[in-house]
Amino acid sequence: MDIQAYIQSGVIESYVLGVADAQDVAELQRLRFEYPEVEAAIAACEAWLAATARAGAVPVSDKVKEQLQHTLQNEFAPAADTTATNPTSLLKRMNRVRYFAAASVILLVASATINVYLYQKYHQASKDYIALMNERNTVVADNGLYQTKLRQMQDRMQLMAAPGMLKVSMPGTPGKEGNLVTLFWDTNTKDVYVLANKLPKAPAGKQYQLWALVDGKPVDAGMLDDCTDLCQLKPVVKAQAFAITLENTGGSPTPHLDQLYVMGNVKS
Amino acid sequence: MVRSLKLREQAAFSYLYDHYSSALHGVIQQIVPDPDVSVDVLQEVFVKIWRQIEQYDPAKGRLFTWMFNIARTTSIDTVRGKDWRNSQKNNSLTDDLIPLAGATQPNPIDDIGLRKMVHSLKEEHKVLVELSYFQGYKQDEIAQMLNIPLGTVKTRLRAALLLLRQQVKL
């Protein structure tokens with residue numbers, strides 16, 4: 001289709017002036033959307049029409065306007081809506097929208113701030129909770145341990161106070177008077193238990209060793225670890241006395257008598 | 001403006017009247033020369049514009065073009081009788097042939113606007129503008145009346161309108 005020829009044919013003028021037939025109108029409506037130059041030509045023609053009409057304007061008396069407004073008085077929107085001129089009511093609407101937009105933004109910011117604050121609180125509370133749970137678990141575990149220890153001690157007390165249990169007090173040797181160890185010897189089972197009432201902690205590389213004195217000869221009766229609680233050492237069948245020396249870790253086949261700490265005789 | 005009109009705001013009507021009443025009156029007077037009648041037509045036109053504003057489609061063109069066409073057709077209706085333009089019965093066509101070339105209207109205003117321009121046209125162009133624009137005949141009716149092919153009517157009418165437009169370079 002030769003669009004320039006179409007535009008210059010006068011069909012647009014006939015359309016704008018209202019004398020085109022239905023076929024021409026339909027074709028034009030189709031072409032105007034396809035070709036922007038047609039749309040532009042229509043706009044230009046309409047501008048020419050408006051200007052020509054204005055040039056041929058014939059004034060009318062104001063009375064006519066009054067009559068018209070009287071005729072249409074019931075067809076106008078209520079006064080409240082029309083007191084504002086177009087630009088002002090539009091401006092009011094825009095301001096209202098801006099107000100709501102601003103209010104929304106402020107609310108959003110406030111909400112976001114509160115959210116951050118609450119989250120931080122939550123996070124801290126969460127950490128505190130976990131810490132508390134851990135503490136509780138520790139306490140429960142400790143509690144269990146204490147209960148076990150308590151039971152053990154109760155058992156030991158029973159043991160020490162049982163009939164047939166011989167108590168041998170082993171005070172400190174000269175030069176080491178402050179020390180004390182108590183030995184319990186079960187005359188039935190021959191088991192030997194030792195309780196270090198007061199004995200210095202063995203230095204590194206050294207360990208206390210128990211000896212049973214059997215007919216004048218010292219016999220190894222076991223190594224001491226931490227005997228602030230009752231320790232069970234080797235069973236002893238026969239002995240007249242017991243002694244403890246400080247040896248090297250692991251013990252010695254014969255006692256170093258210059259390292260004698262405590263000693264006690266078996267009372268018969 | 002259109003939005004305001006559709007909202008029935010009186011201020012919009014007032015604006016419209018103030019800006020376009022005299023231009024539309026001029027258009028009306030070229031078809032309805034009697035000043036008393038033309039004023040009545042003008043009122044009728046503005047009432048129609050106000051009440052039919054929902055029918056105005058901005059995609060189809062300017063508001064003024066739409067108002068102009070209401071003015072033109074209302075004027076023709078007034079001259080010819082309301083249902084004349086839509087009437088299918090055109091047996092009076094040959095009778096209407098007589099008022100040709102602007103002679104039908106009592107005291108046509110020849111010295112201004114479109115009418116003046118029309119008078120400067122060649123006869124074969126003038127008659128087509130007269131019959132279609134001023135008297136409201138459809139192109140196929142004109143073809144019948146003048147006993148010429150529809151295609152000829154189309155091309156001649158378009159040429160005539162182009163000439164009219166070229167006369168006023170704004």
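**Ground rules.** I number residues from 1 along each chain as its sequence is written, and chains are lettered from A and ligands numbered from 1 in the order in which they are written. Because the model is predicted, local features need pLDDT of at least 70, side-chain atom pairs count only at pLDDT 80 or more, and totals for chains, interfaces and linings use all residues; side-chain values use heavy atoms, with hydrogens and water left out.

**Entry 1: disulfide.** I looked for pairs of cysteine sulfur atoms within 2.5 Å, the cut-off for a disulfide. The count is 1 over all chains. A:Cys227 is joined to A:Cys231, S to S 1.8 Å. I then checked the torsion about that S-S bond of A:Cys227 and A:Cys231: it is about -120 degrees, so the disulfide is left-handed. Both A:Cys227 and A:Cys231 are buried. Buried means under 20% relative accessible area, exposed over 50%, and partly exposed in between (1.4 Å probe, protein chains only). I also looked up A:Cys45, which is buried with a relative accessible area of 0%.

**Entry 2: cores.** A nonpolar core here is a set of buried Ala, Val, Leu, Ile, Met, Phe, Trp, Tyr and Cys residues joined through side-chain atoms within 4.5 Å. The largest holds 73 residues. Which members touch the most others? They are A:Ile12, B:Leu63, B:Phe64, B:Val129 and B:Tyr133. Helix α2 (residues 10-31) of chain B gives the most to this core, with 9 residues. Helices are DSSP runs (H or I, at least four residues), numbered from the N terminus. Apart from this core lies another, of 24 residues, and A:Cys227 is among them, as are A:Val168, A:Val192 and A:Ile244.

I listed the contacts of B:Phe64 (heavy atoms within 4.5 Å). Not counting residues up to four places away in sequence, B:Phe64 touches A:Leu49, A:Ala50, A:Ala53, B:Tyr20, B:Ala23 and B:Leu24.

Entry 3: B:Lys126 sits in helix α7 (residues 123-134) of chain B.

B:Lys126 touches B:Leu121, among others. B:Leu121 lies in the loop between α6 (113-119) and α7 of chain B, and is buried at 9% relative accessible area.

Notes: Helix = DSSP H or I, 4+ residues; strand = E, 2+ residues; numbered from the N terminus.
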